[in-house]
Amino acid sequence: MNKLYGAVACVAALCLPIFVQAQDLEWKTVTKYNKAESKKQLTDRFTKYVTFNTQSNDQTDKVPSTPGQVKLAKALAKELKKYGAKNVKVDAHAIVTGEIPATSANSSAVVAFLAHMDTALEVSGKDVQPQVHKNYQGGDIVINAEKKLVINPANSPQLSRARGHDIITASGGTLLGADDKTGIAVIMTMVQYLYDHPELEHGLIKVAFTPDEEVGTGAGKMDVAAFGADYAYTLDGSDLGQLTDETFNAKSFTAVFKGLRAVHPGEAMNSAFADNLLMASDFHTLLPRQSRPENTAGRRGFILVDSIVTNGDESTVKGIIRAFTDEEMQGFVSEVTRAFNTVKAMNYKGTGFELTFEDQYKNMKTVLPAQVVNLAETAMRQEDITPRRMAARGGTDGSTLSFMGLPTPDIFSGQYNLHSEREYADVDVMEASLRTVLRLITLWNMQPVPQAEK
């Protein structure tokens, strides 16, 4: 554990109110923040980034899994250099890293901001045509009239809070790519802001853009030690004020059933015929229905069978388990094992049975120091945003990075209706995310680093 975690905790609790008062004065009189200009920069960047087809692919072991991610990575590296970032690199896995030199004499922690470049598998990311709907005043936003594809407060309740906001959608047939190109746009606009306003004092800032978050393989390729950050935040959240400090624990499982199907089915009676496909089906049926995703919500986890594949005398069942606590996870593992052993006992003619589990990621809450989350909440409150801590029913790059030694909660970035044709970005929420990040940078600049860490 980083020695900074415990030593700084008292600072957040005891010293922060004094720091906040001083920083408010600096923010108002020195930075000259312009909301309209920021919204324009965010819109221009985002609508450019979504035209890159960066849809990931889960049918390959390569990272990045698709060439479009390399193209975007190179474009982002070029833009980072344009706005003064140093040590900008694109590694063999298309992970983009760079740093913003400190402008403060304070000795403070090194903080990083990250977003992922890939988009989801559910809907095509090719030839995205963004549409900007300015000053939303309620009712329907038509994405595609021919397809009768609309978003409105009935199918997208968040829109009821978006009156007066600028909304960006795709044009039908594709997702938008708000997940997570809103985060990329916020971070890059932050980089430009710091470049344009050198008077804003801050410590060393790190930036990274990662591939293949949607298939869970990108962040694990990052060299965290070489990156050199003490703490980080992903910009991959949704609604205003969301702050994710908890995720599922995640495992996958593979059950293999081997039978004897070489016998002609017309002569199977009293033969050695053993139907491995039936074994796989029985296994799926025996898993508890009350623990399926459609029957769980909130802090309840689930068991999901992803696929059943039969090849001759062998059937393979693959699935995932998600749970917030170790106790619930162990219970689900026992349920899967019980179903497997029941099938094994029923189908004595089978020639082989195998069940394996694999850890995927863990609940990052167990390794997040209070300081890194509390400062994000303080930054939101100073921008008149009500923070809402969330437990994500899924994982983030922060899940992986936190257990690699880089504590990384997630901050909202204005993305909604993810992984669908109805996906949209709220520019005003993106702008609030930008202000939160800038405020957070100034707060970190005021947090002293213990002598042992200097």
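This is a predicted model: local features need pLDDT of at least 70, side-chain atom pairs count only at pLDDT 80 or more; totals for chains, interfaces and linings use all residues.
View 1. Of the contacts in the chain with a separation of 6 or more, 80% are accounted for by residues 24 or more positions apart. The chain has 454 residues, and buried residues make up 55% of them. It contains eleven helices and 18 strands.

**View 2. An open sheet of four strands.** The strand order is E12-E13-E11-E14, and the pairing is antiparallel. Strand E12 (302-311) and strand E14 (352-361) form the edges, each pairing on one side only. From one strand to the next, the twist averages 15°.

**View 3. Pairing of strands E11 and E13.** Strand E11 covers residues 249-258 and strand E13 covers residues 314-323. Ten bridges connect E11 and E13, in the antiparallel sense. Phenylalanine 253 has glycine 319, in E13, as its bridge partner.

**View 4. Helix H7 packed on the sheet.** Helix H7 spans residues 276-286 and touches E11, E12, E13 and E14. The direction of H7 makes about 150° with that of E11.

**View 5. Helix H8 across the strands.** Helix H8, formed by residues 326-346, lies across E11, E12, E13 and E14. Relative to E11, helix H8 runs at about 5°.

Methods:
Residues are numbered from 1 along each chain as its sequence is written. Side-chain values use heavy atoms; hydrogens and water are left out. Helices (H or I, at least four residues) and strands (E, at least two) are DSSP runs, numbered from the N terminus. Buried means under 20% relative accessible area, exposed over 50%, partly exposed in between (1.4 Å probe, protein chains only). Contact means heavy atoms within 4.5 Å. Two strands pair if DSSP finds at least two bridges between them. Axes are lines fitted to C-alpha atoms, for helices over the stretch in contact, and angles run from 0 to 180 degrees between N-to-C directions.
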